[in-house]
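Biologist: Hi! Could you walk me through some charged side chains in this one? I have it ready to open.

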Amino acid sequence: MLVLVQMMKMVSQNFCESEESNMNKYWLGPVIGAVIGYFTNYIAVKMLFHPRHEVKVFGHVLPFTPGAIPKEKNRIAKTIGKIVADELLTEQDLIDRCLNPELEQKIIQKLMQRLDQTLESYGIQILKDEQKYHQLVQMTEEKVVDKIMAVINELDLEKILMEQCMEVIDQKIGDNPMLRLMSGSVVAGLSAPLTQQISTFLNGRGKEIIAEKLRLQWEEWEQDSPLELAGQMGFSQDQLEHKLQETYESMVAQVIPLLLDKLNIQGIVEEKIASMSNEELEKLVLTAMKKELSLIVNLGAVIGFVLGCVQLLI
């Protein structure tokens, strides 16, 4: 400020030597002060970004080159990255935002709307192709039938059927003395043809019948929505919503820390700023702070004007 005052004194003295200058000295000092203050701050703001690269004279780097921001770009990038990760985008902030009651309710309602769609429409929507959906259903049915047949083949089916037939016949005989005269071998002889026919039937047409029954059952199920199926199993809509809410809150608490760890917010911000050219960085800062920087420049003019008025009193 002292330098500015001295400059205004020197300029004012040159204009105050004549009588006409004496008349103008009252407005000339403040005006000159305002001009000097304006351009001083304007140059200071420009020197934040310019020159964008080092300027060398006889092999020596001139002071204040490059500008303050280009020179410290890597340090600025690291600092901003740390501030964003540690202060602006913290784990708890994200969890609190995701668990905001209004947002949580919207998500639960959206999930409930999805669960109110039929299984068929939901499957087609996920796969985005009706043909692929039906192919997937057919493939699933075939795998389920093959699995059922594999389990049946692993069982000693004839022995199981024989035991069941003998048990039924034995129950029918009861305490009848006449029927009790029949020996176990006779009962087995009566049961053997029946169990053999059942076993042959299952091995022959069992797979076809099971596939047909499974297909018909699935066709019935896929016209229902998950909500309707849950209702058939005894779950009310309120119970389902509560379960979804618990699952959502648990997932948020588990996923957010993992997500932040994998994303490395600090590294992303630091890398993004460090990779910018000096021109891009200047444009970014000016976009965010153009109004504030202009205010600093204009404030220089105001301070210069005030100092000019003060100089008249000295």
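Modeller: Happy to, and keep in mind that this is a predicted model. Let's start with E120: leaving aside residues up to four places away in sequence, E120 touches Y133, H134, E222 and Q223.

Biologist: Where does E120 sit?

Modeller: E120 belongs to helix α7, which covers residues 119-127.

Biologist: Is E120 buried or exposed?

Modeller: E120 is buried, and it has no salt bridge.

Biologist: Which side chain of opposite charge is nearest to E120, then?

Modeller: That is R215, at 11 Å. A salt bridge needs the nitrogen and the carboxyl oxygen within 4 Å.

Biologist: And what does the E120 side chain have a polar contact with?

Modeller: With the side chain of Q223, at 2.9 Å. Q223 is also one of the residues that E120 touches.

Biologist: Back to R215 for a moment. Which residue does R215 meet in a salt bridge at 2.6 Å?

Modeller: E212, with that distance taken from N to O. R215 also forms a salt bridge with E219, where the closest N and O atoms are 2.5 Å apart. Together, E212, R215 and E219 are linked in a network of salt bridges.

Biologist: Nice. How are those three placed along the helix?

Modeller: E212 and R215 are in helix α11 (residues 184-221), and because they are 3 residues apart there, about one helical turn separates them. R215 and E219 are 4 residues apart in helix α11, so they too are separated by about one helical turn.

Biologist: Which helix holds D86 and K82?

Modeller: Both lie in helix α4, residues 73-88, and they are 4 residues apart, about one turn of the helix. D86 is partly exposed at 37% relative accessibility, and K82 is partly exposed at 46%.

Biologist: Changing topic: how many disulfides does a search of the whole structure find?

Modeller: It finds 0 disulfides.

Biologist: What about the cysteines C98 and C309, how accessible are they?

Modeller: C98 is partly exposed, with 22% relative accessibility. C309 is partly exposed as well, at 31%.

Methods. Residues are numbered from 1 along each chain as its sequence is written. This is a predicted model: local features need pLDDT of at least 70, side-chain atom pairs count only at pLDDT 80 or more; totals for chains, interfaces and linings use all residues. Side-chain values use heavy atoms; hydrogens and water are left out. A disulfide is a pair of cysteine sulfur atoms within 2.5 Å. Buried means under 20% relative accessible area, exposed over 50%, partly exposed in between (1.4 Å probe, protein chains only). Helices (H or I, at least four residues) and strands (E, at least two) are DSSP runs, numbered from the N terminus. Lys and Arg count as positive and Asp and Glu as negative; His and the chain ends are not counted. A polar contact is a pair of N or O atoms within 3.5 Å; within protein, one must be able to donate a hydrogen and the other to accept it, and residues adjacent in sequence count only if both atoms are side-chain atoms. Contact means heavy atoms within 4.5 Å.
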